[in-house]
Amino acid sequence: MKTDSAPSAVDTATAPTASGRLALVVITGALALDVGNLNIINAALPAIGSHFGLAADTLQWVMTSYALTFAGFLLLSGRMADVLGRRKVFMVGVGLFSVAALGAAVAPDAAVLIIARALQGIGAALSGPAALALLSEVFPPGPQRNRAFGIYAAVGSTSASAGLVLGGVLTQLLTWRSVFVVAVLFGVLLLLAAKSALPASVRRPHSLDLPGAGAVTVGLVLVVFGVSRSQQVGWTSPSVVASLAVAVVLLVAFVVWERRVKEPLVLLGIFRAASVRAATLTALLSYTTAIGLLFFAPLYLQNMLGWSPLESALAILPLSCAVFVVSNYFTGGLLSRFGQRPLLIAGLALIALGIGSCVTTSLTGDYWWQMMPGVTAIGLGMGLSFPAMTAAGLAEVPQEQHGVAGAINVVAQQIGASVGLVFLVLVASAASGSADNPGKLNGYHNAYLVAAALCVVGIVIIAFGGKWNSHPEPEQVSARAGA
């Protein structure tokens with residue numbers, strides 16, 4: 001096997017404290033870069049639209065192009081990390097992200113900006129699964145890894161809200177282009193540190209399964225495109241119907257191909273593991289609920305209570321703070337003591353309680369009593385479930401498949417954030433009854449109740465979804481994954 005020249009951090013049972021911490025800084029730094037850039041552009045959109053004279057339906061592609069390529073390329077990127085070497089793919093991803101950010105910063109027109117954002121999404125898709133696989137490679141199973149997963153989740157949660165705030169500050173004090181300049185500088189710092197901080201790349205003699213990768217990549221891109229497009233032109237639009245129909249054909253073809261090919265992109269047998277199924281379901285439901293709240297809450301606070309955009313953004317900060325505190329200081333120890341399944345159940349229960357409590361909001365509402373407790377409860381639940389979800393998604397999967405396994409978990413998150421959100425919006429629209437504020441609020445309440453009910457169903461499935469083993473023997477893992 002070919003390796004890079006740097007020493008591997010997994011040659012010993014326990015990574016040295018200094019090298020482990022540096023690796024964790026680089027890995028979580030890449031996560032912050034990827035997640036933060038999903039939101040950092042939000043505050044800059046009005047300025048970008050004004051600068052290029054863009055209509056709303058064109059402006060939204062500055063956001064959507066990133067989401068499309070990020071979701072679509074995850075599985076291929078995970079496989080590339082497992083086959084070509086995780087550090088190598090990680091660095092290529094961060095490098096592409098940084099170059100694309102530079103292109104966005106100097107973009108002369110909207111077309112170049114949108115293309116640059118799409119390339120940023122590919123870069124994020126390359127670095128994300130590789131980073132998660134590197135995390136499991138650097139830290140051995142047990143308290144160290146559980147603690148690292150907690151920090152990873154804490155950084156991910158705070159990056160989302162921090163990106164939103166930072167984007168607003170940079171746009172107001174400098175220009176919208178400064179948002180991308182910061183990403184370039186941060187990316188360069190990560191690249192400089194990655195070579196010495198991360199374990200050496202190991203190339204494995206396996207196929208990338210390009211036919212399978214092509215089918216699932218295009219299929220996922222078309223799913224996200226169709227769902228996103230439906231919000232502008234409706235579900236009966238030819239472009240939406242065609243994209244979703246082709247997506248279904250490609251994804252079915254992908255499953256058929258994966259069952260027959262000698263070296264598949266995804267060993268479908270890993271879904272026989274109850275822990276993997278539970279992690280995937282938790283990712284789907286938690287992101288559906290959280291992104292649903294992030295969508296409806298600003299509409300409620302700004303349009304019904306008269307809050308400013310900044311005030312409505314700050315209103316969601318308790319969620320991120322709760323995730324940060326719980327996942328960073330408590331979940332690692334709880335994982336070591338109780339295991340993953342109890343934390344997944346407790347996390348989804350808190351998320352269900354939090355989103356369900358938002359039905360108390362009113363047109364003359366009091367944020368502190370009617371909304372803030374629910375926002376905080378969702379954050380507590382995410383703080384418990386996210387590290388457990390990450391650990392469960394890898395626990396019964398062979399080490400050489402951790403890149404793909406991590407990608408599967410992130411794909412589930414992205415499906416929840418896109419398809420799940422559209423589903424909740426449809427529920428809200430169907431239940432509103434009228435276009436006035438009382439009707440809209442009734443629709444929001446119904447969406448909250450449906451989200452809570454979905455979480456409860458998820459709890460039941462996870463609780464009675466079969467036996468799982470958080471620390472199986474290697475031969476048991478390989479047999480299951482290859483089934």
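How many contacts beyond four places in sequence does the model have for residues 470-483, where pLDDT stays under 50?

**View 1. Confidence along the chain of this predicted model.** For residues 470-483, the model has 22 contacts beyond four places in sequence, and pLDDT stays under 50 over this stretch. Over residues 1-16 the pLDDT is likewise below 50, and this stretch has 31 contacts in the model beyond near neighbours in sequence. For the protein chain as a whole, the mean pLDDT is 81, with 90% of the residues reaching 70 or more. Confidence is highest in helix 16 (residues 340-357), at a mean of 94, whereas helix 21 (residues 474-481) has the lowest, at 39.

**View 2. Helix 6 (residues 86-105) beside helix 9 (residues 177-197).** The axes of helix 6 and helix 9 come within 8 Å and cross at roughly 155°; because angles over 145 degrees count as roughly antiparallel, these two helices are roughly antiparallel to each other. The crossing in which helix 6 passes helix 9 is left-handed. Among the residues making the contact are F90, M91 and V94 of helix 6, together with F180, V181 and V184 of helix 9. Taken by class, the residues of this contact comprise 16 nonpolar, 3 polar and 3 charged.

**View 3. Helix 6 beside helix 7 (residues 110-138).** Here the axes of helix 6 and helix 7 come within 7 Å, and they cross at roughly 155°, which makes helix 6 roughly antiparallel to helix 7. The crossing of helix 6 and helix 7 is left-handed, and the residues of their contact divide into 20 nonpolar, 5 polar and 3 charged.

Definitions and conventions. Residues are numbered from 1 along each chain as its sequence is written. This is a predicted model: local features need pLDDT of at least 70, side-chain atom pairs count only at pLDDT 80 or more; totals for chains, interfaces and linings use all residues. Side-chain values use heavy atoms; hydrogens and water are left out. Axes are lines fitted to C-alpha atoms, for helices over the stretch in contact, and angles run from 0 to 180 degrees between N-to-C directions. Helices (H or I, at least four residues) and strands (E, at least two) are DSSP runs, numbered from the N terminus. Angles under 35 degrees count as roughly parallel, over 145 as roughly antiparallel, 65 to 115 as roughly perpendicular and the rest as oblique. A crossing is left-handed if the near helix is turned anticlockwise from the far one by less than a right angle, and right-handed if clockwise. Contact means heavy atoms within 4.5 Å. Ala, Val, Leu, Ile, Met, Phe, Trp, Tyr, Cys and Pro count as nonpolar, Asp, Glu, Lys and Arg as charged, and the others, Gly among them, as polar. pLDDT is the predictor's confidence in each residue, from 0 to 100.
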